Amino acid sequence: MRILHILDHGLPVHSGYTFRTRALLKAQIARGWEVAAVTGPRHGPSDSAEEIVDGLRFFRTALPKPAPTPIGEWREVRDFKRRILEVARGFQPDILHAHSPVLDAMAGQGAARALGLPLVYEIRAFWEDAAVGNGTGVEGNLRYRVTRALETRAVRQADAVAVICEGLRDDLIGRGIDADKIFVSPNGVDLNVFGEPLPYDSALAEAIGVTGAETIGFIGSFYDYEGLDGLIAAMPALVALRPSMRLVMVGGGPMEEALRAQAEASPVADRIRFVGRVPHEQVERYYSLIDVLVYPRKHMRLTDLVTPLKPIEAMAQRRLVAASDVGGHRELIRDGDTGTLFRPDDPQALAHAVAGLFADRDLWEARRERARAFVESERNWATNVARYDSVYQKLAWSVSMKDSWSHTHPVKA
């Protein structure tokens, strides 16, 4: 089985999107499938048309000339389709597997029709809702409605649709999409990467000033929908309840400047540490320092529909997790069992929930073990990848391959 993945961007860029992609492709290779990926213009400029990153083969697409909306997006889809066709004629896949956003599906569908190949479309979030969550879009305006209509059209035209959670599946069914066409491939972790946690890194703790403290933290991208302003706002109440508390913020993003300014103005500014972005291979060192990872996502359509990746990574590291009670978190965390949920958009509720968790240390080890067991049984890519098997096989068998479609020729850039 040969699979060509169609991506918005890929490694060496670091994001939740690329980490899920890496885990999926590695798991498919371990299953014995031949895998390659082609990234779209939004990946950005590359030094070469083809490169190997972390043992994975990526083909790149040149950037089109910039143009205003919608001409710019039309050019992206046009050029991406051409590049997919070029790569596919060399790699000769059995399946084209496009990943959101919808521009990738549109380019992939054009290529699939030209080649007579089946297309799987995988949705990680609805593009229109992600724009609202990132502060670049407005729910219900013309651009939002057009993007939503394009998404629905792409789903109808795809041969099969993968989504990362039940929230997205239910939304598509509500749009009239056949439920049998949709399967859930949940966010997970590669336990070969997030295996046994590192021991407490005392040198790093001393370097960032948290030695001997109770620590909470966030590791990830600083987007508005993550609710990190609420986490900082909760710190005065949390310090009043737990005087040795420290907050460690690892990462960066659009909200970083505003969050740093908010922290500097806080009456407990000395208890808040911003580390900045760190290399992916160093992330486990910071997990070793943080007692409780906190995910205070704001309550909105995006966070109700989409499950995040970071809480799963934390549970794999046997870290305690506390998160806002939104739909995406409820698919991952059982309150009082594998984690703690608190009322969203409420810094006082966050502070009291987290303080209560620190008051019940006797329960920590059992909770860590239950959370780790959940990841191993339900969010492990080594087993999750099997969800694609029957879908790929059914689609490949339904298509009569051209006689000239050989699977022995090398890929040409």
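Me: Which residues touch the most other members of the largest nonpolar core?
Reply: In this predicted model, the residues in question are Ile216, Leu231 and Met235, and the core they belong to has 63 residues.

Me: And which helix gives the most to that core?
Reply: Helix H8, which covers residues 228–241, gives the most, with eight residues.

Me: What is leucine 231 in contact with, apart from its neighbours within four places in sequence?
Reply: Leucine 231 is in contact with Ile216, Phe218, Leu247, Met249, Val294, Pro296 and Leu350. Ile216 is also one of the residues that touch the most other members of the core.

Me: What does the second core include?
Reply: The second core is separate and has 42 residues, among them Leu103, Ala158, Leu168 and Val306.

Me: Let us step back. How many helices and strands are there in the protein chain?
Reply: The protein chain contains 17 helices and 14 strands.

Me: What radius of gyration does the chain have, and what would a compact globule have?
Reply: The protein chain has a radius of gyration of 22 Å. A compact globule with 413 residues would have one near 22 Å, so the chain agrees with that expectation.

Me: What about its span along the principal axes?
Reply: The C-alpha trace spans about 70 × 45 × 40 Å along those axes.

Me: What share of the residues is buried?
Reply: Buried residues make up 58% of the 413 residues in the protein chain. As for the surface, the chain exposes about 17,200 Å², and carbon and sulfur atoms supply 52% of that area.

Me: What share of the contacts comes from residues 24 or more positions apart?
Reply: Among contacts with a separation of 6 or more, residues 24 or more positions apart account for 73%.

Me: Where do the charges sit on average, that is, how far apart are their mean positions?
Reply: There are 51 positive and 54 negative charges in the protein chain, and their mean positions are 5 Å apart.

Me: Now tyrosine 225. Where is it found?
Reply: Tyrosine 225 is found in the loop between strand S9 (214–221) and H8.

Me: Is tyrosine 225 buried or exposed?
Reply: Tyrosine 225 counts as buried, because its relative accessibility is 12% and buried means under 20%.

Me: What is around tyrosine 225, leaving aside neighbours within four places in sequence?
Reply: Tyrosine 225 is in contact with Gly133, Asn134, Arg297, Lys298, Met300, Leu302 and Thr303. The C-alpha atoms of tyrosine 225 and lysine 298 are 5.4 Å apart in space, although the two residues are 73 residues apart in sequence.

Me: What about glutamine 393 and isoleucine 95: how far apart are their C-alpha atoms?
Reply: They are separated by 9.4 Å, while the two residues are 298 residues apart along the chain. Glutamine 393 is found in helix H17, residues 387–398, and counts as partly exposed at 23% relative accessibility.

Me: And arginine 260, where is its place?
Reply: Arginine 260 is in helix H9, residues 256–265. This arginine is partly exposed, with a relative accessible area of 30%. Apart from its neighbours within four places in sequence, arginine 260 is in contact with Phe274 and Gly276.

Me: How far apart in space are arginine 260 and glycine 140?
Reply: Arginine 260 and glycine 140 are 32 Å apart, C-alpha to C-alpha, and 120 residues apart in sequence.

Me: Changing topic to the backbone: which residues does a cis peptide bond with omega of about 5° join?
Reply: That bond joins threonine 69 and proline 70. Proline 70 lies in the loop between strand S4 (56–59) and helix H2 (71–91). A cis peptide bond also joins serine 100 and proline 101, with omega of about 15°. Proline 101 lies in the loop between strand S5 (95–99) and helix H3 (102–115).

Me: What is the phi of aspartate 54?
Reply: Aspartate 54 has a positive phi of about 55°, although it is not a glycine. Aspartate 54 is found in the loop between strand S3 (50–53) and S4, and at 39% relative accessibility it counts as partly exposed.

Me: And aspartate 345, what is its phi?
Reply: Aspartate 345 has a positive phi of about 60°, and it is not a glycine either. Its place is in the loop between strand S14 (340–342) and helix H14 (347–359). At 53% relative accessibility, aspartate 345 counts as exposed, because exposed means over 50%.

Conventions. Residues numbered from 1 in each chain as written. Predicted model: local features only at pLDDT ≥ 70, side-chain atom pairs only at ≥ 80, totals over all residues. Heavy atoms only, no water. Helix = DSSP H or I, 4+ residues; strand = E, 2+ residues; numbered from the N terminus. Rg over C-alpha atoms; globule rule 2.2 N^0.38 Å. Buried < 20%, exposed > 50% of the residue type's maximum accessible area, 1.4 Å probe, protein only. Contact = heavy atoms within 4.5 Å. Areas by Shrake-Rupley, 256 points an atom, 1.4 Å probe, with all protein chains shown as cover. Lys, Arg positive; Asp, Glu negative; His and termini not counted. Charge placed at Lys NZ, Arg CZ, Asp CG, Glu CD. Core = buried A, V, L, I, M, F, W, Y, C linked by side-chain atoms within 4.5 Å.
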